[in-house]
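These are my notebook entries on one chain, kept in the order in which I looked things up.

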Amino acid sequence: MARGSDKRQRTRIITFRVSDDEYARYEERASRAGLAVGAFARAAGLDEAGPRARRRRPVEHRALVQLMASLNRVGNNLNQLARNTNRGLDIDVPQLRDALHQYHAVIAAIYEALGMESARDNQGQESGRP
C-alpha cells in the first residue's frame with residue numbers, strides 16, 4: 001500500500017511559455033482564487049487543485065495599495081515631526097498623537113486585509129497584557 005507522501009508526490013513537469021502580461025494576468029487570477037499558481041493551473045486543467053492545495057485568503061490588492069498610501073502619509077507626518085524636534089522646535093503633541101493613532105489604524109487594517117493577526121497590539125505591548 002502506498003504511503004501518504006508517495007500519493008502526494010508529483011514527478012512530472014508541464015512547461016509552457018507565456019508573455020509577461022499573460023503571466024501577470026495568470027498570477028492575478030490565481031491570487032483572486034486564493035491558490036498558488038501551480039494549484040491554480042491544476043484546478044484549471046484538471047478541475048481540481050490537488051490534495052495538498054491550500055486555499056489562501058485572496059489579497060485585496062486595491063485595499064493594500066490604499067493602505068500603503070495612508071501609511072506613507074502617516075510616515076511623512078512623523079518625519080516632519082521628527083525633523084522639527086531635531087531642529088529644537090517644540091513637539092506638537094496633538095499632531096503626534098493623531099499621527100500615531102493613524103499609524104496604528106493603518107497597521108491594523110493591513111493585518112486584517114492579509115487575514116493575519118498581529119502578535120502585538122500595535123503599541124509595543126504583547127497581546128493580552130495590560
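I am working from a predicted model, in which local features need pLDDT of at least 70 and side-chain atom pairs count only at pLDDT 80 or more, while totals for chains, interfaces and linings use all residues. Residues are numbered from 1 along each chain as its sequence is written, and side-chain values use heavy atoms, with hydrogens and water left out.

**Entry: Val37.** I looked up Val37 and found it in helix α3, where helices (H or I, at least four residues) and strands (E, at least two) are DSSP runs numbered from the N terminus. Val37 counts as partly exposed because its relative accessibility is 29%. Taking contact to mean heavy atoms within 4.5 Å, and not counting residues up to four places away in sequence, I noted that Val37 touches Tyr26, Glu27 and Ala30. I also read the C-alpha to C-alpha distance from Val37 to Tyr23, which is 9.8 Å for two residues 14 apart in sequence.

**Entry: helix α2.** Does the span of α2 agree or disagree with its number of residues? The expected span of a helix is 1.5 Å times one less than its number of residues. For the 14 residues of α2 (residues 20-33) this should come to 20 Å, and the end C-alpha atoms are 20 Å apart, so the two agree. After α2 comes Gly34, with a positive phi near 80 degrees.

**Entry: pockets.** Grid points are joined across faces, edges and corners, and a volume is the space filled by probe spheres set on the points. The largest pocket has a volume of about 380 Å³, and its lining includes Arg10, Arg12, Phe16 and Leu46. I count Ala, Val, Leu, Ile, Met, Phe, Trp, Tyr, Cys and Pro as nonpolar, Asp, Glu, Lys and Arg as charged, and the others, Gly among them, as polar; on that basis the lining of the largest pocket divides into five nonpolar, two polar and three charged residues.

The second largest pocket has a volume of about 240 Å³, and Val37 is one of its lining residues, as are Tyr23 and Tyr26. Both α2 and α3 (37-46) supply at least two residues of this lining, and the largest share, five residues, comes from α2. By class I recorded seven nonpolar, one polar and three charged residues there.

**Entry: core and whole chain.** A nonpolar core is a set of buried Ala, Val, Leu, Ile, Met, Phe, Trp, Tyr and Cys residues joined through side-chain atoms within 4.5 Å. The largest one consists of five residues, Leu64, Leu67, Val106, Ile110 and Ala113. Helices α4 (61-86) and α5 (93-113) each supply at least two of its residues, with the largest share, three residues, coming from α5. I found five helices and zero strands in the chain, and 14% of its 130 residues count as buried.

**Entry: Asp98.** Asp98 lies in helix α5 and counts as partly exposed, because its relative accessibility is 41%. Its C-alpha atom is separated by 9.2 Å from that of Val74, 24 residues apart along the chain.

Note on methods
On a 1 Å grid over the protein atoms alone, a cavity is a set of points where a 1.4 Å probe fits but cannot get out, and a pocket is an open set with protein on both sides within 12 Å along at least five of seven lines; lining residues have an atom within 4 Å of a point. Buried means under 20% relative accessible area, exposed over 50%, partly exposed in between (1.4 Å probe, protein chains only).
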